[in-house]
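Biologist: I'd like a close look at one spot in this model, please. Pick a residue, tell me what surrounds it, and then zoom out to the rest of the chain.

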Amino acid sequence: MNINHYNEWVKIGLNILYYRKESKITQEQLAEMCGNVSRNHIQRVETGNGGASVDLLIDIAKALNIPLYKLFEFKE
């Protein structure tokens with residue numbers, strides 16, 4: 001993960017957290033729905049302490065039943 005993009009990763013993570021909570025899904029459940037991903041990795045992505053591949057972001061959006069672009073809608 002590029003430190004120059006930390007703020008964007010935090011915003012993406014907050015969006016994942018928001019939609020996960022809306023769906024009443026735990027981090028463990030989301031990890032299972034995304035395939036071979038650990039709960040710890042999901043936690044790092046949600047907090048902005050770890051990045052995610054585009055493939056993982058697509059899997060997350062599908063698991064949360066939202067369009068991919070919703071993860072990139074940043075509130076100012």
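Modeller: Let's start with Thr47, which touches Tyr6 and Val10 once residues up to four places away in sequence are set aside; a contact here means heavy atoms within 4.5 Å. Before going further, a word on the ground rules: this is a predicted model, where local features need pLDDT of at least 70, side-chain atom pairs count only at pLDDT 80 or more, and totals for chains, interfaces and linings use all residues. Numbering runs from 1 along each chain as its sequence is written, and side-chain values use heavy atoms, with hydrogens and water left out.

Back to Thr47, then. This residue lies in helix H3, residues 39-47 (helices are DSSP runs of H or I with at least four residues, strands are runs of E with at least two, and both are numbered from the N terminus). The side chain of Thr47 also makes a polar contact with the side chain of Asn49, at 3.0 Å. By polar contact I mean a pair of N or O atoms within 3.5 Å; within protein, one must be able to donate a hydrogen and the other to accept it, and residues adjacent in sequence count only if both atoms are side-chain atoms. Thr47 has 33% relative accessibility, so it counts as partly exposed (buried is under 20% relative accessible area, exposed over 50%, partly exposed in between, with a 1.4 Å probe and protein chains only). Looking back along the chain, Gly35 is 12 residues from Thr47, and their C-alpha atoms are separated by 20 Å.

Zooming out, the chain has 4 helices and 0 strands, which reads as α-α-α-α along the sequence. Its C-alpha atoms fill a box of roughly 30 × 20 × 20 Å along the principal axes. Buried residues make up 36% of the 76 residues. Of the contacts with a separation of 6 or more, 62% are between residues 24 or more positions apart.

Two backbone spots are worth a glance too. Most residues other than glycine have a negative phi. Lys24, in the loop between helix H1 (6-22) and helix H2 (27-33), has a positive phi near 55 degrees. With 72% relative accessibility, Lys24 counts as exposed. Asn65, in the segment after helix H4 (54-63), has a positive phi as well, about 60 degrees. Asn65 counts as exposed, at 71% relative accessibility.
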